[in-house]
Amino acid sequence: MKKSPKNNQRISDIWWFALVAAALKLLLIPAYRSTDFEVHRHWLALTHSLPLYHWYSDTTSPWTLDYPPFFAYFEKFLSFFASLVDPTMTNLHEGLNYVSPLAILFQRLSVIFSDVVLIYSIRKLSKDLKKTEKFLTWALIIWSPGLFIVDHMHFQYNGFLLGMLLLSLSYLEEGRDVMGGFVFAVLLCFKHLFAVAAPVYFVYLFRHYCNGGIVKGFGRLVVMGSVVLGVFAAAYGPFAYYGQIQQVFHRMFPFGRGLCHAYWAPNFWVFYIILDKLLAFLSVKLGFNIQAPTASFTGGLVGDSSPFAVLPTITPLVTFITVLIAITPCLIKAWRDPQPRMVTRWVAYAYTCGFLFGWHVHEKASLHFVIPLSITALKSAEDAKHYFFLSMVSCYSLFPLLFEAQEYPIKVSLLLLHAVLMWFGFSSHFSGSKVGKASSSVPEKDDKLRSPNIDRNAKFVVGWCGKAYLFGLFVVEIWGQFLHPLIFGNRLPFFPLMMISIYCALGMTYSWIWQLRYIAKSR
Amino acid sequence: MEKKKKLNQPTKSEPESDIWAFLTCRGTKSTFVCISLFALVVRLAVAIHPYSGAATPPKFGDYEAQRHWMEITINLPVKEWYRNSSTNDLSYWGLDYPPLTAYQSYLHGLLLKFFDPSSVSLFTSRGYESYIGKLLMRWTVLSSDLLIFFPAVLYFVTAYYSKKPIGEKSSMAWHIAMVLLNPCLILIDHGHFQYNCISLGLTIAAVAAIFSDRDLVGSVFFSLALNHKQMSAYYAPAFFGYLLGKCLRRRNPAFEISKLGLVVLGTFAIVWLPYLYSADASLEVLSRLAPFERGIYEDYVANFWCTTSILVKWKRLFATQLLKLLSLAATISTFLPSMIQLILLPTKQSFLYGMLNCSFSFYLFSFQVHEKSILLPLLPASLLAVEEPFIFRWLIYYALLSMFPLLRRDDLILPYIALYGLFVLLYYAPGRRTDTRENNFFGSTLQSLLLTSSLILHIIYMTVTPPEKYPFLSEAIIMLFSFSQFVLISIYSNSKQCALSKQDQVDIKKKSL
């Protein structure tokens, strides 16, 4: 870490941003870790000690491997080094719930280093931007409080997976469709949750890449198909060879889990649940005999009993169809006019739909669209406004992940810092006529001219509605942290969390509608 | 996450090279808010690391000392705080800082008592350690930092840049980051565990007041700093010299001096009020503040006495009494030139150099210096960072090195590495105006050589077990190395102050002609 100053002067600026973030990540190493830490440690041990055909059938720990094979290979790769650093860490049985300073250091560093993929793809994505825009974009992504909270405290590898997503998007924007499709296929074999955007990719690539007459189009379809199939074969081939394929899919899609995660992600189903409760409550008041549901929304594995008292129960199939319907407008757009400059928005929109209507959604999944949307945040004042709002809501909805007192001020000041940076950055970039004019009004981007609802001299102003909503976040937080314990003591412990879910779900729904409108209006 | 800095003249070809303009174009306060939020995050992150003496009975470390003071101050009457008794065993971390520290402990003790009473109960809380106790203690440091140090820096920056031309304001953001993100201060206060931010913050406030020509306010702040940590006396000759020199140039020197004197005495009287009822009581407190029995040096501090003890066994050869005189004479004779210059020519610029020089002479030659005292010379160096970027950087490197053994004992290697890296990154933030003085081949080769050897020293200290005969060999080498750099820096800065005053004299003569 002791960089000689001379090297420093020469490193490219993006590495400066990355290293500053890395210094902070290093400091956060002893911070709170969720069980995901043990999950990934167990996967290191699992892939290190067992032959490949046992990876998806082992039951030594409840944290079975439920990511696709490339992630397992990645863990296998890490486990070589892990076993050198601390052999107990990769021991299948002795390693269970094993924590040592070295093990923590190793796993945390593996997350920090894997973020290099993210840095690389941001650099690629932002290479045509002007300097000030670059700096702002980098600050939005590399210093994103969401990534700090989820990856470097809670513990996951999202930075590196999102890096691949951005890489794929940057290929598509450059018009290199085969590379874009290839990277996306690889990403799917790392984490299948990213498959929500697969329909968008499919339609876009089919219309944008496989065109130019029947023969050429068909030829290209074959090329693309074989690239994608090749990737899948590399991932699943070995498991198919051992006849494990069914077991792999069984582990990857545990539909035994409930509609909602333990902490309700702020999505559409929160409203549905609340409506159900409300109706049940009213019905009881009106004298109907309503049976209290025996199952919960979060606990899975409850057989056939419905967790809903009044409304029809929701099955994975229903959520699947809802997501598909929600994505349809952007599929139609992509079919009619597959433009590279829109692809990032479409993909982000698809993830928004998946987040809002999906089955057993984690709050962390909001990163899947917040991070790609940072790329578009500087395209117009409207975009900036939406992004400012969305990223605050998304980061705030991650707060319940860190529930210990020690991390409390850290997450709050990370969010404040992010907000202040965005506020200063956006308002000087979109300052209407003053300082930012030189940088924001030069019509060097043709999409600025082509997009309908963009006023190049627009100012970045968060309206009273947005301000009131953001102030509401503050009220919800004060209530949950201070007033609720003061008034109710230990009763209704779920209530503050529920309020966060509901309140953030409002913001998420707004963002979904905004994106939908934007896509529908775009030409 | 972040913010940071700076500035820059259009050194790069692109027209919008002022990449931090979005931060700085809105004025001092918003720049400051941004950087201080980042500085806050860094402090919070350092605070999750261990503190000094964590889980090491029976004496623990500075953390336990501070906690013990809270225990003593909230359970005993004021008069008993500094007195050995059956309830106050002074040999166990007895209070040995001036009364303001005691009051601060009292306030913080109340806070701890409210949230976690067992952490400050008399006797039974000795060696008390718990998750919530650690958090509360950490938050007391953080809040002191936020309430005293941060506003003082804002005050200083406002005063310092108020008279500068617009062009020079561009380096303000960088300057704020350098002062707020001083790695040594963060490591000691939020890692090791101390409250230096209070006395240093009060000192900065005093400097800021003096920069805005409010000398009386400045002397109140400085008296308060002195009453929080007696180490603030390292700056006393500079304050004394500057204020005296300034008074002498006024129309009515005697009146001005007596005004200042009254203000200082008044501040002291208020702080010492509970101990003024008898001379004995005051002397009792005073004697606690000067722990001569601890010897001329402790551990391996990179100052003159400790370093030369390799050749001359001071502790064995001389009586403590004589050593006291020796060190006093050495200290005075080294800070005297700087102080006299200040009296003769009290300009604001040379005042900062004077602070640096005086604190260095105390650090290098006074009695009972601790490695943490390097924070005192570091403060004026950080205030001078824009004029003397190289000196500041160099001093930070070797101050960090000299504290490395201490921080390693505290198990703070990780934050040490992270903050070291962060400092280098912030120092070389993109868009910074490059200092042309640093581009000389010979100098940069020498620099790289020294930096490489310091890196190697770190590694050796971490990995190699010293020979049994010399168990503290690496500490001694680190000390020697840091000492040599400190001496060089101090010589440079003394000569710089001297050159400044000559320059000023020439200017004045020209004007009078």
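Start with Asp215(B). Leaving out residues up to four places away in sequence, Asp215(B) touches Ile210(B), Leu243(B), Lys246(B), Arg250(B) and Leu260(B), where contact means heavy atoms within 4.5 Å. Before going on, the conventions: this is a predicted model, in which local features need pLDDT of at least 70 and side-chain atom pairs count only at pLDDT 80 or more, while totals for chains, interfaces and linings use all residues. Residues are numbered from 1 along each chain as its sequence is written, chains are lettered from A and ligands numbered from 1 in the order in which they are written, and side-chain values use heavy atoms, with hydrogens and water left out.

Back to Asp215(B). This residue lies in helix H10 of chain B, residues 215-228; helices here are DSSP runs of H or I, at least four residues, numbered from the N terminus. Is Asp215(B) buried or exposed? Its relative accessibility is 10%, so Asp215(B) counts as buried, the cut-off being under 20% relative accessible area with a 1.4 Å probe, protein chains only. Its side chain is joined to that of Lys246(B) by a polar contact of 3.1 Å. A polar contact is a pair of N or O atoms within 3.5 Å; within protein, one must be able to donate a hydrogen and the other to accept it, and residues adjacent in sequence count only if both atoms are side-chain atoms.

Now the interface. On chain A, 45 residues are in contact with 51 residues of chain B. The two chains bury about 4,500 Å² between them, 78% of it on carbon and sulfur atoms; that is accessible area (1.4 Å probe) lost on being put together, summed over both. Between chain A and chain B, 4 residue pairs are in polar contact, both residues at pLDDT 80 or more. Helices H1, H2, H7 and H19 of chain A each give two or more residues to the side that touches chain B. The largest share of that side, 13 residues, comes from H19(A).

Next, the cores, meaning sets of buried Ala, Val, Leu, Ile, Met, Phe, Trp, Tyr and Cys residues joined through side-chain atoms within 4.5 Å. The largest has 310 residues, and Leu165(A), Phe426(A), Val42(B), Phe149(B) and Phe351(B) have the most contacts inside it. Helix H19 of chain B, residues 389-409, gives this core its largest share, 14 residues. A second, separate core has 13 residues, among them Trp69(B) and Tyr97(B).

Last, helix H17 of chain A, residues 367-376: 10 of its 10 residues are buried, so this helix is largely enclosed by the rest of the structure.

Technical notes. Buried < 20%, exposed > 50% of the residue type's maximum accessible area, 1.4 Å probe, protein only.
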